[in-house]
Amino acid sequence: MTVIPEGAAALSRYPAAKVIVTCEKCGLRAKYDKAEMLAAGGDRALTLLLDEIARRHGCQRVDAKPFDVKNICGATYANIGAGCV
């Protein structure tokens, strides 16, 4: 069972059937089926999942030093707006 930090948005509450992740900095564009992700890895915090997806696509910026604003990862969920989950 995956522990989701209190107050974190969870994959199970993602408001679309497809999870789309993009990054303008590196050109990442990935699309996943939400139900398949839940079946494969269980429910997860969206912030941690975003980092995991970026890492799997080779992003070196995910682990940049805190406050290194020029080098932070730019991955975002493309098909949801702020406050939707």
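A salt bridge is a side-chain nitrogen of Lys or Arg within 4 Å of a carboxyl oxygen of Asp or Glu. The structure described here holds 4 salt bridges. The model is predicted, so local features need pLDDT of at least 70 and side-chain atom pairs count only at pLDDT 80 or more, while totals for chains, interfaces and linings use all residues. Residues are numbered from 1 along each chain as its sequence is written, and side-chain values use heavy atoms, with hydrogens and water left out.

**Terms for position and exposure**

- Helices (H or I, at least four residues) and strands (E, at least two) are DSSP runs, numbered from the N terminus.
- A residue is buried under 20% relative accessible area, exposed over 50%, and partly exposed in between (1.4 Å probe, protein chains only).

**Salt bridges**

- Side chains of opposite charge can pair when their charged atoms come close.
- Lys 18 and Asp 33 meet through their side chains in a salt bridge of 3.2 Å, N to O.
- This pair links distant parts of the chain, since Lys 18 lies in strand β1 (residues 18–22) and Asp 33 in strand β2 (residues 29–33), 15 residues apart.
- Lys 18 is partly exposed, its relative accessible area being 37%.
- Between Arg 55 and Asp 63, the side chains form a salt bridge of 2.7 Å, N to O.
- Arg 55 is partly exposed at 40% relative accessibility, whereas Asp 63 is exposed at 54%.
- Arg 44 and Glu 52 also form a salt bridge, with their closest N and O atoms 3.7 Å apart.
- Arg 44 is buried, with a relative accessible area of 14%, but Glu 52 is partly exposed at 27%.
- A network of salt bridges links Arg 44, Glu 52 and Arg 56.

**Aromatic pair**

- Rings of Phe, Tyr and Trp (its six-membered ring) pair if their centres lie within 6.5 Å; planes under 30 degrees apart count as stacked, over 60 as edge-to-face and the rest as tilted.
- The count by this rule is 1 aromatic pair.
- Tyr 14 and Tyr 77 form this edge-to-face pair, at 5.5 Å centre to centre and with 65° between the planes.
- Distant parts of the chain are linked by the pair: Tyr 14 is in the segment before β1 and Tyr 77 is in strand β3 (residues 76–77), 63 residues apart.
- Tyr 14 is buried at 2% relative accessibility, and Tyr 77 is buried at 12%.

**Helix α2**

- Helix α2 (residues 46–56) has the buried residues Leu 46, Leu 49, Leu 50, Ile 53 and Ala 54.
- These residues lie on the same side of α2 because they cover an arc of only 135° around the axis, where the arc is that of the directions from the helix axis to the C-beta atoms.
- The face turned away from the buried side of α2 carries the exposed residues Thr 47, Leu 48 and Arg 56.
- The cover over the buried residues of α2 includes β1, β2, α1 (34–41) and β3.
- After α2 comes Gly 58, which has a positive phi, near 90°.

**Nonpolar core**

- A nonpolar core is a set of buried Ala, Val, Leu, Ile, Met, Phe, Trp, Tyr and Cys residues joined through side-chain atoms within 4.5 Å.
- The largest nonpolar core has 19 residues, of which Leu 11, Tyr 14, Val 19, Val 21, Leu 49 and Tyr 77 touch the most other members.
- At least two residues of this core come from each of β1 and α2, and α2 gives the most, with 5 residues.
- Contact means heavy atoms within 4.5 Å.
- Neighbours within four places in sequence aside, Tyr 77 is in contact with Tyr 14, Val 19, Ile 20, Val 21, Leu 46, Leu 49 and Leu 50.
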